[in-house]
Amino acid sequence: MSKISLPYVKIPSFSGEGDPNIYLGWEAKVEQIFNVHEVQEEQKVKLASLEFLDYAMQWWHKTVMNIGLNKRQVVVSWEDLKLCMRSRFVLPHYRKELLFYLQRLQQETQSVDDYFKELETTLTKVDMHESEESKMARFVSGLRREIQDVVELYEYIFRKIGSPCHQG
């Protein structure tokens with residue numbers, strides 16, 4: 001039996017906390033590490049699962065046992081593992097709650113930059129792929145009214161000046 005050597009790559013540990021944001025942050029960080037170190041697909045599940053602690057380790061052990069008993073589909077790729085982990089550590093209502101949050105997101109007392117970052121972060125968590133035009137409309141609609149007015153005035157002036165009919 002030949003032994004496969006795994007590359008030395010430091011993966012952060014994951015203990016299976018109940019907060020979906022912790023799992024999603026862990027997944028994103030591991031994805032980034034795999035990309036930077038160009039980890040081969042067949043090594044990703046092994047490397048990631050080595051860093052499971054506490055509940056996550058118990059969950060993985062049970063998952064592997066269920067695979068052996070044919071009670072569960074085999075987890076062979078990083079994509080399989082992410083799907084399996086998302087089904088356990090990111091509850092179905094989480095996405096729905098994020099969508100509701102996204103619909104109500106407003107700048108309020110935040111700076112424009114902080115509001116923009118929160119919007120982008122939430123769109124990423126929801127895994128929502130909107131056109132740039134839709135993102136811009138969502139962004140502007142959440143700004144404070146006085147800032148919306150300035151943005152709308154600027155867009156009006158820009159369209160008028162940028163028009164092919166503009167006589168300069």
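User: How much space lies in the largest pocket?
Analyst: This is a predicted model, in which local features need pLDDT of at least 70 and side-chain atom pairs pLDDT 80 or more, while totals for chains, interfaces and linings use all residues. Residues are numbered from 1 along each chain as its sequence is written, and side-chain values use heavy atoms, without hydrogens and water. A pocket is an open set of points on a 1 Å grid where a 1.4 Å probe fits, with protein on both sides within 12 Å along at least five of seven lines. For the largest pocket, the space is about 290 Å³.

User: Which helix supplies the largest share of its lining?
Analyst: Lining residues, which have an atom within 4 Å of a point, include Asn21, Glu31, Lys82, Arg86 and Thr121. At least two residues come from each of α1, α4 and α6 (112-126), helices being DSSP runs of H or I with at least four residues. The largest share, six residues, belongs to α1.

User: How many charged residues does this lining have?
Analyst: Among its residues are Glu27, Lys125 and Asp127, and Asp, Glu, Lys and Arg count as charged. Beside two nonpolar and four polar residues, the charged ones number six.

User: Which element gives the most to the lining of the second largest pocket?
Analyst: This pocket holds about 170 Å³ of space, and its lining includes Leu24, Pro92, Tyr94, Arg95, Leu98 and Val126. By class, the lining has seven nonpolar, no polar and four charged residues. Two or more residues come from each of α5 and α6; the most, four residues, come from α5.

Key:
Points joined across faces, edges and corners; volume = space filled by probe spheres on them.
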